[in-house]
Amino acid sequence: MAKKKTSGSAGMNERTDIKTPVSEMIRKFKKQKNAVVALFFIIVLVIIALVGEYLVPFGINEYDYSAILQGPSMAHWFGTDEFGRDLFSRIICGTRISLAVGLSAVTVGAVCGTVLGLLGGYYGGIVDSIIMRICDTLFAFPGIILAIAIVAILGSGLGNVVIAVAVFSTPTFARLVRSRTLALKHSVFVQAARNLGASDARILFRHILPGAFPEIIVQFTMSVGSSILTASSLSFLGMGAQPPTPEWGLLLSNGRNYMLTSLHATLFPGLAIFLTVLSFNILGDGLRDALDPKLTD
Amino acid sequence: MADTRKNVLEVKNLHTCFFMDDGVVKSVDGVDFTLKEGSTLGIVGESGSGKSVTSLSIMGLLTGTTGKVTEGEILLDGKDIAHISNEEKRRLRGGQISMIFQEPMTSLNPVMKIGKQLTECILQHEKISKKEAWQKAEDMLRKTGVPRVERMMNEYPFQLSGGQRQRVMIAMALVCRPRILIADEPTTALDVTIQAQILDLMNNLKKEIGTSILFITHDLGVVAEVCDEVAVMYCGRVVEKADVYSLFENPSHPYTRGLLGSIPKLGEEADELEVIPGNVPNPKYMPKGCKFAPRCSMATEKCQEEEPGFFDLGGGHTCRCWLCEKGGGEK
Amino acid sequence: MENVLVKVEDLKLYYPVAGKRIGTKEYVKAVDGVSFEIMEGEVFGIVGESGCGKSTLGRAVCKLEKPTAGKIVLDGEDISGYNDKQMRSVRKKVQMIFQDPYASLNPRMSVFDIIAEPLVIHKLTKTKEETEARVLDLLRKVGLDDYHANRYPHEFSGGQRQRIGIARALAVEPKLIIADEPVSALDVSIQAQVLNLLNQLKNEFNLTYIFVAHDLSVVEHISDRVGVMYLGNFVEVGDKKSLYANPLHPYTKALLSAVPVPDPTAKKDRVILEGNIPSALNPPTGCKFHTRCPNCMECCKTEAPKRYQVSENHYVYCHLYDDKIKS
């Protein structure tokens with residue numbers, strides 16, 4: 001019947017014109033110039049995190065007491081700190097720490113939160129109530145205070161910062177995934193899958209989870225930004241990374257003592273944190289528009 | 001059939017395009033028709049035929065979308081309304097032209113009482129006191145045949161059933177006695193028994209108020225019941241135009257014939273329905289010649305290459321098909 | 001041919017809703033005690049207006065909605081008491097086609113994955129090649145092309161999506177297909193294509209359909225037997241010919257007369273019903289139709305009508321056909 005004719009030569013064009021959800025996403029993402037810039041910046045950051053260590057002109061713990069708290073110069077692009085260490089090198093090397101802390105903490109939080117959200121949303125009842133009440137409790141604390149409390153209990157150190165940040169990003173994901181699950185649970189295509197005889201696991205991971213993926217990705221990106229900020233704040237307060245680690249928050253904290261005389265010591269670490277967090281947020285916004293669930297225009 | 005009635009609405013060579021980021025979509029591509037005073041013109045077409053975009057262009061409701069009238073004229077009582085300011089368009093809407101939509105709930109304000117909505121609509125266009133407006137609204141609502149009018153004036157849209165909401169919409173559209181009522185699939189969301197009620201009501205009110213109606217629908221059965229004249233649209237063009245009797249008696253465009261054949265008819269036994277093969281072409285890959293040629297069983301080489309113009313079949317019956325070239329319209 | 005494939009007895013499906021006072025519950029009686037039988041190879045059409053419970057009934061038969069009470073026997077197997085897990089094996093016998101072809105396909109799965117899903121779930125194919133061959137075969141059966149397999153649902157028109165939905169339903173080689181308004185979201189020309197396809201597939205695979213729709217002419221076209229529903233009950237059930245040529249229930253008469261006929265010269269005596277369908281939360285007592293019935297009698301207000309057989313295979317639920325009352 002319809003097979004007989006697929007509209008002549010026009011059909012040939014249509015045949016080759018395939019749009020997948022991914023290609024659609026890329027097309028929409030490309031339209032957002034600032035998000036593309038942010039993505040580019042983040043890619044550069046990741047490269048720096050991976051290989052920066054081998055490129056920097058000075059070692060991170062190379063003391064030079066002849067050049068203490070010098071301003072930016074050709075030799076020291078970002079100036080030096082109170083021990084004469086090159087700030088540029090320290091910030092470059094700190095990239096890895098900040099990104100690693102942010103990414104690992106949010107990954108843990110996202111995985112835990114997603115699983116909890118899926119279970120709570122899909123099965124409902126007592127499971128859901130327990131999960132959501134725990135989330136409500138965690139939401140009742142401001143994030144940074146919660147993180148301080150956790151670090152205070154576990155002791156300071158980068159590892160514990162990761163745990164603290166993971167714990168406080170979990171409920172965000174749980175709540176998000178739960179609401180998507182609730183909506184998708186009643187969608188016709190999930191009912192259609194049930195009608196085919198699909199098991200709960202199949203429905204959850206093949207139909208509902210992919211439907212929640214766009215939201216998870218957007219939230220993930222945004223959370224990485226705020227986690228880097230939280231981790232830096234903890235280090236700034238002396239509860240995270242310990243000297244002489246070149247963590248950005250710690251650099252900022254050190255520089256603070258000399259702010260009046262040597263502004264560069266706070267300016268550059270601050271700028272690093274600021275730009276990184278900003279680009280993650282812009283990227284998140286861009287992804288949100290690109291991943292609009294209504295795949296059509 | 002010499003018709004001396006005045007033309008209320010004339011649409012001439014209307015082109016409406018939507019500017020998307022991956023190209024321009026011509027939704028309406030050279031549409032002509034006239035609506036005579038006191039008559040009902042049906043525009044029939046399937047989704048993607050451009051029938052709704054035509055109505056939005058007439059209403060001036062394309063602002064805020066990527067759509068734009070790029071060419072052509074829309075004349076209301078001889079005055080062009082396609083190229084006037086938004087403010088002027090706004091004044092026309094509800095006063096001179098009004099519209100009812102398929103889903104009445106989306107066009108009623110959910111948090112405003114029915115009476116208030118009707119009254120506001122009157123006060124926008126007429127300088128009368130609130131009390132008079134209220135009275136007028138109540139009268140209009142009574143004409144639409146809803147029960148317990150006084151109570152309904154103080155109710156919210158969600159308290160009404162689908163049929164009642166559509167009656168309220170009709171009351172709101174007609175309360176300022178517009179010259180033209182555009183009805184875009186007004187009964188598609190309703191059940192058959194309610195649809196019958198609403199069609200009846202529209203026919204009666206048309207006579208009483210003297211409004212001309214532009215009736216947009218996909219349902220040929222509804223067209224046969226309410227329209228005086230019909231324009232069949234396909235891919236942004238009118239392909240056949242006639243008064244309702246000659247159209248159903250002598251459908252000349254293969255598309256019109258196909259449409260009529262596709263509807264299962266009550267009391268008629270058939271193992272298989274006639275079918276128009278294929279789908280409406282993707283607007284990005286419009287065929288070159290006649291837009292219907294790829295789905296047409298009678299298409300010739302010429303149809304693939306060249307788009308036909310209108311051929312007159314007499315009595316105001318025109319058809320855009322090469323088969324009618326000799327004025328034939330053979331069956 | 002004369003095997004009973006589906007037997008439904010006194011099926012009820014009530015939805016609980018919060019009552020007016022806190023803590024109380026009221027029930028929406030979507031399906032209120034329906035019984036019917038469907039023979040193998042038959043097309044049983046269910047018509048009615050929105051809110052009459054026709055879709056709910058269709059979904060209850062394959063237990064996508066849990067019935068409140070009643071018995072469902074499918075192919076000799078009483079599935080009334082089955083839980084979700086037990087139903088999974090039954091799903092090979094009964095499949096559903098949904099109304100909205102836009103919503104019933106997962107937008108993030110390619111057409112291939114959508115059609116292959118039932119094969120994977122029920123482990124109907126052993127190798128990848130076998131799955132692929134089967135999916136392409138199904139695609140061709142419903143009138144689509146091989147190259148469509150790698151595409152995603154949003155690239156298809158409504159009619160094509162409905163074809164994908166049909167291919168998915170056919171994948172498990174079911175005996176019964178419940179089609180819930182399968183063509184009401186489609187354009188007329190496409191609607192005809194899909195109706196012809198359904199007819200053709202029925203003959204090819206010896207299928208039985210329960211065809212739920214609001215469009216009387218569509219139901220007449222495709223069905224062998226038709227049941228007319230009003231507020232959760234059948235009001236009239238009969239052979240298509242007998243029911244359409246000789247409608248007995250006042251509601252059926254009104255419904256049929258309200259259908260617009262594509263012929264401007266046809267003059268109709270129209271029975272225009274007053275008012276709206278009452279709420280299923282508080283259905284009228286007695287015959288549920290009595291509030292709108294032009295032939296309402298005293299007994300209709302208090303007593304629910306029994307089933308009266310008018311001719312072989314034509315039943316009506318209306319006091320007008322009670323000999324005692326008539327005389």
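Predicted model: local features only at pLDDT ≥ 70, side-chain atom pairs only at ≥ 80, totals over all residues.
In chain B, 63% of the contacts with a separation of 6 or more join residues 24 or more positions apart.

**Chain B as a whole**

- Chain B holds 12 helices and 12 strands.
- Its C-alpha atoms fill a box of roughly 65 × 50 × 45 Å along the principal axes.
- For 331 residues, a compact globule would have a radius of gyration near 20 Å, and the 21 Å of chain B agrees with that.
- Of the 331 residues in chain B, 50% are buried.

**Two helices of chain B: H7 and H8**

- Helix H7(B), residues 162-174, packs with helix H8(B), residues 192-209, at an angle of about 15 degrees, and their axes are 10 Å apart.
- Because angles under 35 degrees count as roughly parallel, H7(B) and H8(B) are roughly parallel to each other.
- Their crossing is right-handed.
- On the H7(B) side, the contact is made by B:Gly162, B:Gly163, B:Gln166, B:Arg167, B:Ile170 and B:Leu174.
- These meet B:Ile194, B:Gln197, B:Ile198, B:Leu201, B:Met202, B:Leu205 and B:Ile209 in H8(B).
- By class, the residues of this contact between H7(B) and H8(B) are 8 nonpolar, 4 polar and 1 charged.

**Two helices of chain A: H6 and H7**

- In chain A, helix H6(A) (residues 143-154) and helix H7(A) (residues 158-185) pack at an angle of about 140 degrees, with their axes 9 Å apart.
- H6(A) and H7(A) are therefore oblique to each other.
- The crossing of H6(A) and H7(A) is right-handed.
- H6(A) brings A:Gly143, A:Leu146, A:Ala147, A:Ile150, A:Val151 and A:Leu154 to the contact.
- H7(A) answers with A:Asn160, A:Val161, A:Ile163, A:Ala164, A:Val165, A:Val167 and A:Phe168.
- The residues of the contact of H6(A) with H7(A) comprise 11 nonpolar, 2 polar and no charged.

**A mostly covered helix: H8 of chain A**

- Helix H8(A) spans residues 188-196 and is mostly covered, with 7 of its 9 residues buried.
- The buried residues of H8(A) are A:Phe189, A:Val190, A:Ala192, A:Ala193, A:Arg194, A:Asn195 and A:Leu196.
- Within chain A, these buried residues pack against H7 and helix H9 (200-236).
- They also pack against E6 and H3 of chain C.
- After H8(A) comes A:Gly197, whose phi is positive, near 95 degrees.

**Where chain C touches chain A**

- Here 28 residues of chain C are in contact with 25 residues of chain A.
- Strand E6 (94-97), helix H3 (111-121) and helix H6 (188-205) of chain C each supply at least two residues of the side that touches chain A.
- H3(C) gives the most to this side, with 3 residues.
- By class, the side of chain C that touches chain A has 12 nonpolar, 8 polar and 8 charged residues.

**Where chain B touches chain C**

- In this interface, 37 residues of chain B are in contact with 36 residues of chain C.
- H8, helix H9 (220-226), helix H10 (244-249) and helix H11 (254-262) of chain B each supply at least two residues of the side that touches chain C.
- H8(B) gives the most to this side, with 6 residues.
- The side of chain B that touches chain C has 17 nonpolar, 12 polar and 8 charged residues.

Conventions
Residues numbered from 1 in each chain as written. Chains lettered and ligands numbered in written order. Axes fitted to C-alpha atoms, helices over the stretch in contact; angles between N-to-C directions. Helix = DSSP H or I, 4+ residues; strand = E, 2+ residues; numbered from the N terminus. Parallel < 35°, antiparallel > 145°, perpendicular 65-115°, else oblique. Left-handed = near helix turned anticlockwise from the far one by under 90°. Contact = placed C-beta atoms within 7 Å. Nonpolar A, V, L, I, M, F, W, Y, C, P; charged D, E, K, R; others polar. Rg over C-alpha atoms; globule rule 2.2 N^0.38 Å. Buried ≥ 20, exposed ≤ 12 C-beta atoms within 10 Å, placed from the backbone.
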